[in-house]
Amino acid sequence: MSGNYRWRIIALLFLATTINYVDRQVLSFVMTDDFFKRTILGLSPSTLLTDEHLQQFRIQMGWIDAAFKATYALGFLVVGWIIDQIGTKRGFSIGMLIWSIASVLSTFCASAVQFKLVRALLGLGESSNFPAAMKAISNWFPRAERSTATGILNAGSNMGIIVTAVLIPFLVVQFGWRVSFFVSAILGFLMLLIWHFTYSEPAETPTLSAKEYQYIQGQNEGNAEQDTSEPELSWLQLLGYRQTWAFVFGKIFADPVWFFYLTWLPDFLTTNQQLDHKLDLKNFGVPFLIIYLVSDLGSIFFGWLATRLMQSGWSENAARKLTLLICGSLVLPIWFIPQIHSFNVIVGMFALAMAAHQGWSTNVYALSTTLFPKKSVGSATGLGGFLGGSISMTVAAATGYIVAYWGYRPMFIFACSFYLLGLLMMHLTLPVFTKIKAAP
């Protein structure tokens, strides 16, 4: 046995990702509260909400969500580079501090304009999560274990949504929507303290056994000597490689769909008059528990599947692309959701589609540790996140108008078709997944 300290690190990253998603997902559940809707629209607490009010609210929420996505995308680009420069521990600490401050400020917002500003600050801080986590995984795990580790990490996002779905509706009903943001801020500050006093790099961890350290270093690209000779690539240099664009296509064809689910699923399930079951703030828990537990299983299973295929002799290229093909195929039934009236069937379909997305995301993120030199993983992940987030920002702004005027059908057509298009673009761009060897 080589030791298991590295799995404590993935547990820490799982917890950080969970809290990250609690802070960002509060708004998706709060937006179903009528008092919050009146605040956004500038109405008095006693105003009766009409269909026209709901239409205007959705348009405003589209722009609020776009403000988050804009800085989230920009933050991915900047934070990825910062993490490569100052290290995982300090870079992620700064991100946690920023997103926790934004959560505190959300408590005091009283208009749509204020929420746009605060959500923009939140997006900047929260963008640190995945560049930092993938940098940590590339340092702490040998290549053969990275997709499994990434699957566990990615499951933290689903756990965060489960915690949010159980905790936030209760807080909103009992204490009002402002308290929910304050509680999420406390969780963020607690996570910052845990991270600061817990995380360190392998070479700086005295409790890491020599045997496990050698196991990690011995399988990371062959040896530590090779790591020191690998190039550190700038953003412009990265853009000159097919590897970068293959990774980018894996992000920009999937991220907008995932963000659509995160923001709008509570609204769809509470306002769809065709469903045979009514969902509100008092009974969010069980449906979202089912959806995101299944998503967790998808994240872990599809990460394990790619690892298992590679351990069985498959090339990484074949293992990843087969796994991505399966994931992309499993989202196709989303096309039929507008014709279905059974609440339970729709919950099951969303659970399957979101499990497939998490499997997709796990394998795309794991690719970043394979395609790019270790010194450039943070920058490359940030670049992919920036471009994926930029598309997500545009989709977020458009979604408010689309849902307000045409309903959810166009969004479900979009959601079911993008993954296989993304896989096609990845394959055409990089027929064989191979690592960047040297700077141009």
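# Salt bridges and helix packing

User: Which residue does D34 form a salt bridge with?
Analyst: D34 pairs with K37, and the closest N and O atoms are 3.9 Å apart. Keep in mind that this is a predicted model.

User: Where do D34 and K37 sit along the helix?
Analyst: Both are in helix 2, residues 34-41, and they are 3 residues apart, so about one helical turn separates them.

User: Is D34 buried or exposed, or something in between?
Analyst: D34 is partly exposed, because its relative accessibility is 37%. K37, in contrast, has a relative accessible area of 10%, so K37 is buried.

User: How many salt bridges does the count come to?
Analyst: The count comes to 8 salt bridges.

User: Pick another one. What does K69 pair with?
Analyst: K69 forms a salt bridge with D65, with 2.5 Å between the closest N and O atoms. The two residues lie 4 apart in helix 3 (residues 51-86), which is about one turn of the helix.

User: And are K69 and D65 buried or exposed?
Analyst: K69 is buried, at 1% relative accessible area. D65 is buried too, at 7%.

User: What about E126, which side chain does that one meet?
Analyst: The side chain of E126 meets that of R24 in a salt bridge, 2.8 Å from N to O. E126 is in helix 5 (residues 112-126) and R24 is in helix 1, so this pair ties together parts that are 102 residues apart in sequence. Both E126 and R24 are buried.

User: Which residues are linked in a network of salt bridges?
Analyst: R6, E145 and E212 are linked that way.

User: Back to helix 1. What is A16 doing there?
Analyst: A16 is found in helix 1, which covers residues 5-30. A16 has a relative accessible area of 0%, so A16 is buried. The C-alpha atom of A16 is 7.8 Å from that of G156, although the two residues are 140 residues apart along the chain.

User: New topic. At what angle do helix 14 and helix 15 pack?
Analyst: Helix 14 (residues 285-311) and helix 15 (residues 316-330) pack at about 150°, and their axes are 8 Å apart. The two helices are therefore roughly antiparallel to each other, since angles over 145 degrees fall in that class.

User: Which hand is the crossing of helix 14 and helix 15?
Analyst: Helix 14 passes helix 15 in a right-handed crossing.

User: How about helix 13 and helix 16, what are the angle and distance there?
Analyst: The axes of helix 13 (residues 255-271) and helix 16 (residues 343-371) cross at roughly 170° and come within 12 Å. That makes helix 13 roughly antiparallel to helix 16. The crossing of this pair is left-handed.

User: Last one, the surface. Which residues make the nonpolar patch?
Analyst: F182, I186, L190, L193 and F197 make a nonpolar surface patch of about 520 Å².

User: Where is F182, and how exposed is F182?
Analyst: F182 is in helix 8, residues 177-198. The relative accessibility of F182 is 40%, so F182 counts as partly exposed.

Notes
Residues are numbered from 1 along each chain as its sequence is written. This is a predicted model: local features need pLDDT of at least 70, side-chain atom pairs count only at pLDDT 80 or more; totals for chains, interfaces and linings use all residues. Side-chain values use heavy atoms; hydrogens and water are left out. Patches are made of residues with over 30% relative accessible area and no salt bridge: like charges are joined within 9 Å, nonpolar side chains (Val, Leu, Ile, Met, Phe, Trp, Tyr) within 5 Å. Accessible areas come from the Shrake-Rupley method with a 1.4 Å probe; for residues, only the protein chains shown count as cover. A salt bridge is a side-chain nitrogen of Lys or Arg within 4 Å of a carboxyl oxygen of Asp or Glu. Buried means under 20% relative accessible area, exposed over 50%, partly exposed in between (1.4 Å probe, protein chains only). Axes are lines fitted to C-alpha atoms, for helices over the stretch in contact, and angles run from 0 to 180 degrees between N-to-C directions. Angles under 35 degrees count as roughly parallel, over 145 as roughly antiparallel, 65 to 115 as roughly perpendicular and the rest as oblique. A crossing is left-handed if the near helix is turned anticlockwise from the far one by less than a right angle, and right-handed if clockwise.
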